[in-house]
Amino acid sequence: MNAVDVLVVGGGAAGLMAAWEAARRGRRTRLLEKNRRPGLKILISGGGRCNVTTTRDGRDLESQYGTRRGRFLRHALRELPPPAVRAFFEAAGVPLQEEDLEKLFPVSQRARDVLDALLRRCEEAGVELVTGAAVRELRHVGDHFVVSADGEHAATSVVLATGGLSYPKTGASGDGYAFCRAFGHTITRTWPALAPLSLTDAWVRELQGIVVDGVDLAVIDPDGRERLRRRRPILFTHKGLSGPAPMDLAGDVEELAGRARLRFDFAPAASREQLETEWLAAAAAHGARRVETLLPQALPERLRAALVTVAGSGGTLANLARDARRRLLEAVKDLRVPVPRSLGYDHAEVTRGGVDLAEIDPRTMASRRQPGLFVCGELLDVDGPIGGFNFQAAFATGRLAGRNA
C-alpha cells in the first residue's frame, strides 16, 4: 500500500490550494483527481477567463455569504483574504486586474494561466499528482485512512475537496457527500445556485438580448416577503433571465420550489409619488407625447414598450387615465412575475447546501465527526454571489485544510 502523510481528494481550486499548503509544510502529499486533468472548472469559469477573487475584504466580504455562512468563513477569509490571493497568483507569474463589480481577472484573460500557476506551485512544493483516480471507497483503519482509487492509498490525514453538483460536464457528481456521510456527517439539502432563471412570460423572452443595469430585482416568497434583492446587470434571454442579478437569486428561487416570484423595480432611485408627480406634469405640458416617454430613458426602447404593453397603458399622455397611470406605476415599480426554477446544475456555477457547517471546525476545516478528516471548498454548505466569492472561499478553506492536515 502506497502511504503518504496527506491525501487530497479533488483537484479543483480548493484541493490544489490544500495540497500546496500541506506539501510546503513538509507533509508528504498526494492529490487524487478523478479526471484525466485537474482544474476543469477553473478552465471554464468566467467564460474561460476565471474571476479569481474579489476586491472586497473584511466584514463586507463576509457579509456577501450571508450571516451564517459568513460567520463560518470568517477565520478562513482572514487567514487568506483577497489581497493575499492576489499576491499568491502575482508571485506565481499571473498578474491580476480589476474589472466591473469588484472582480479580479488575470491580465492575460486566460483561465489556463490560473490553473498552470496552481499546478506549478504544487509541483514546486513536491505534491504528487495522480489523475484518472476516481475514489471508490474511503475508510478509516486503525490510525490511518485507506483510499481505494487506482489502487490503494494510505494516509494519516485526508482532505476532501471533491466539489458539489454544479457543472456535471466537469465530472462533478457529489460523490464527496457519500464519503462524508460514511463518517457520520449530515448533508444539508442541495440546490443549483448561480444559474440563469427560467421564466415563461412571453414578454420576457421577446426581449432576448437586452441588458439593463441600475434595476432592482428581488425574489419574493408566497407570502410576499423579500428573500434577496440585487441591483446588478440583467440579461434577457430566450429562456428567461441571466446575468449577475438573476444568477445571484437562483439559489433562493430553487429553495422556494416553484413558488417564487421575481419583483422588478425599474426606477429604484424614485418613489411612486415622485414618478406620479413627474408624469402628471409631463401630461399637462406634453399631452401629445407617447406614454413610453414617461419611463426612465436609461431603459432600452423595447423594454419601455413592453412595460407599457404589460400595463395596458398605451396611447398618448393626454389620454392616460388614472387607472392606466396606476397600472403603469405598478409595472415600473413593482412588476411581479412567476419564476418556477433556474436552468439547473448543468448551468449552475456552484451548489447551495452540502456538509453541515456545524460539523466542521471553522478554524481548521477539520471534521468534528472523524479525526484526521478535513473538508473544504464547494463540498461545504457555503455559497456566495457572482464576483469571485466562490473561488475566494475555495482558496481560503482549502489553504486552511492544508495547513492543518
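Predicted model: local features only at pLDDT ≥ 70, side-chain atom pairs only at ≥ 80, totals over all residues.
Trainee: How much space lies in the second largest pocket?
Mentor: A pocket here is an open set of points on a 1 Å grid over the protein atoms alone, where a 1.4 Å probe fits, with protein on both sides within 12 Å along at least five of seven lines. Its points are joined across faces, edges and corners, and the volume is the space filled by probe spheres set on them. For the second largest pocket this comes to about 230 Å³.

Trainee: Which residues lie closest to the centre of that pocket?
Mentor: A lining residue has an atom within 4 Å of a point. The second largest pocket has 17 of them, and the closest to its centre are Gln64, Tyr65, Leu228, Arg352 and Asp383.

Trainee: Which element gives the most to the lining of the second largest pocket?
Mentor: Elements are DSSP runs numbered from the N terminus, with helices (H or I) of at least four residues and strands (E) of at least two. Helix H4 (67-79), strand E14 (226-230) and helix H9 (244-255) each supply at least two lining residues. With four residues, the top contributor is H9.

Trainee: How many charged residues are in that lining?
Mentor: Asp, Glu, Lys and Arg count as charged; Ala, Val, Leu, Ile, Met, Phe, Trp, Tyr, Cys and Pro as nonpolar; and the others, Gly among them, as polar. The lining has six nonpolar and four polar residues, and its charged residues number seven.

Trainee: How many residues of H9 are buried?
Mentor: Buried means under 20% relative accessible area, exposed over 50%, and partly exposed in between, with a 1.4 Å probe and protein chains only. The buried residues of H9 include Pro244, Met247, Asp248 and Glu254. Of the twelve residues in H9, the buried ones number eleven.

Trainee: What is the span of helix H1 from its first C-alpha to its last?
Mentor: The expected span is 1.5 Å times one less than the number of residues. H1 (residues 13-24) has twelve residues, and 16 Å is expected. Eleven of them are buried, Trp20 and Glu21 among them.

Trainee: Which residue in E15 is the bridge partner of Val212?
Mentor: E12 and strand E15 (residues 234-236) pair in the antiparallel sense over two bridges. The E15 partner of Val212 is Ile234.

Trainee: What kind of aromatic pair do Trp203 and Phe236 form?
Mentor: Rings of Phe, Tyr and Trp (its six-membered ring) pair if their centres lie within 6.5 Å; planes under 30 degrees apart count as stacked, over 60 as edge-to-face and the rest as tilted. Trp203 lies in helix H8 (residues 202-205) and Phe236 in strand E15, so the pair ties together parts 33 residues apart in sequence. Both residues are buried. At 6.4 Å centre to centre and 50 degrees between the planes, the pair is tilted.

Trainee: Which residue in E8 is the bridge partner of Leu138?
Mentor: Strand E7 (residues 137-141) and strand E8 pair in the antiparallel sense over five bridges. Their hairpin has two residues between the strands, and Gly142 takes a positive phi near 65 degrees there. E8 (residues 144-149) has five of its six residues buried. The partner of Leu138 is Val147.

Trainee: Which residue in E9 stands opposite Ala149?
Mentor: E8 and strand E9 (residues 151-160) run antiparallel and are joined by five bridges. A hairpin connects them through one residue. Opposite Ala149 stands Gly151.

How values were computed
Residues numbered from 1 in each chain as written. Heavy atoms only, no water. Pairing = 2+ DSSP bridges.
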